[in-house]
Amino acid sequence: MGKDVIIACDFASAEKTFEFLDRFKDKKPFVKIGMELFYAEGPGIVREIKARGHKIFLDLKLHDIPNTVKKAMAVLSRLDVDMCNLHAAGTTKMMKEALVGLTREDGTRPLLIAVTQLTSTDQESMEADLLIKEPIDQVVMHYAKNAAFAGLDGVVCSPLEAEKVHAVCGETFLTVTPGVRFADGDMGDQKRVMTPAEAKKIGSDYIVVGRPITAAEDPVAAYERCVKEFVD
Ligand code: C5P
């Protein structure tokens with residue numbers, strides 16, 4: 001599995017997205033499409049970006065009863081995305097059913113990764129709202145192990161957790177890590193960050209980079225800098 005840089009295309013419309021992607025000319029970066037763009041534009045945006053030759057991580061974080069997730073995953077599989085995700089909190093049964101739905105007749109399927117605990121959830125809110133009393137890093141590793149047991153390909157996690165996830169779930173279990181910033185860059189609202197070079201060193205498999213590329217004066221140069229630090 002090759003390391004790659006995934007650009008978070010957090011734009012509100014297809015127009016803004018294509019304006020951005022057009023700057024890359026013949027380069028076809030791996031892109032992440034999230035809820036905002038998908039709900040605004042519908043599945044057509046996935047087909048269009050795919051037709052332009054990009055790989056797509058469709059970040060819709062499914063979480064429902066196993067049968068519903070299985071059927072929804074079958075739809076995403078037909079959309080021909082390369083990676084999609086769900087909440088590990090939906091249980092091992094839901095994750096297994098998701099894989100069944102995702103697998104095409106010829107046995108191929110998009111990569112499936114799990115969200116453990118959202119980084120917006122802290123110990124306090126997890127205890128108060130979810131009634132989970134265990135230390136949050138243990139909860140994250142437990143969910144990652146469940147995902148691996150269910151047969152998923154990896155998890156979304158902080159680059160700071162990537163090493164531990166690999167130690168617990170195996171080196172081939174993928175770590176897809178947002179929270180990446182250049183050493184001389186703006187942190188934005190991300191608190192625990194790593195540079196692309198550091199993320200490479202600790203073994204992240206994919207970095208998800210949004211604003212350091214999308215808000216850069218020269219997005220193509222910023223993307224190339226990420227690739228140079230993380231992949232080359
Ligand atoms: O702009 P920035 O580089 O912070 O974008 C990171 C992307 O990764 C955003 O789309 C954000 O929603 C997503 N993400 C994250 N932290 C997580 C999971 C996803 O920043 N734990």
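**Ligand site and selected loop residues**

At 63% relative accessibility, Leu 131 counts as exposed. Here, exposed means over 50% relative accessible area, buried means under 20%, and partly exposed lies in between, with a 1.4 Å probe and protein chains only. Leu 131 belongs to the loop between α6 (123-130) and α7 (136-150). Helices (H or I, at least four residues) and strands (E, at least two) are DSSP runs, numbered from the N terminus. The phi angle of Leu 131 is near 60°, a positive value in a residue other than glycine.

The model is predicted: local features need pLDDT of at least 70, side-chain atom pairs count only at pLDDT 80 or more, and totals for chains, interfaces and linings use all residues. Residues are numbered from 1 along each chain as its sequence is written, and side-chain values use heavy atoms, with hydrogens and water left out.

Lys 25 also has a positive phi, of about 50°, although it is not a glycine. Its loop runs between α1 (14-22) and β2 (30-34). Lys 25 counts as exposed because its relative accessibility is 66%.

The ligand sits in the largest pocket.

Residues with a heavy atom within 4 Å of a molecule count as near it. Around the ligand these are Ala 8, Asp 10, Lys 32, Thr 119, Pro 178, Arg 181, Gln 190, Val 208, Val 209, Gly 210, Arg 211 and Pro 212. The shell divides into five nonpolar, three polar and four charged residues. In this scheme Ala, Val, Leu, Ile, Met, Phe, Trp, Tyr, Cys and Pro are nonpolar, Asp, Glu, Lys and Arg are charged, and the others, Gly among them, are polar.

For Arg 181, a polar side-chain atom is 2.8 Å from an oxygen atom of the ligand. Gly 210 uses its backbone instead: an N or O atom there lies 2.8 Å from a ligand oxygen atom. Taken alone, the ligand exposes 470 Å², and the protein buries 80% of that. These areas come from the Shrake-Rupley method with a 1.4 Å probe.

The loop between β7 (174-177) and α9 (196-201) holds Asp 189. Asp 189 is exposed, because its relative accessibility is 53%. Asp 189 and Val 227 are 38 residues apart in sequence and 23 Å apart in space, C-alpha to C-alpha. Arg 192 is also found in the loop between β7 and α9. Its relative accessible area is 47%, so Arg 192 is partly exposed. From Arg 192 to Cys 157 the separation is 35 residues in sequence and 11 Å in space, C-alpha to C-alpha.

His 54 lies in the loop between α3 (44-51) and β3 (56-62). With a relative accessible area of 3%, His 54 is buried. Its side chain reaches the backbone oxygen of Pro 29 at 2.7 Å.

Notes:
Polar contact = N/O pair within 3.5 Å; in protein donor to acceptor, adjacent residues only side chain to side chain. 1 Å grid on protein atoms, 1.4 Å probe; cavity = no way out; pocket = protein on both sides within 12 Å on 5 of 7 lines; lining within 4 Å. Sits in = over half its atoms within 2 Å of the grid points.
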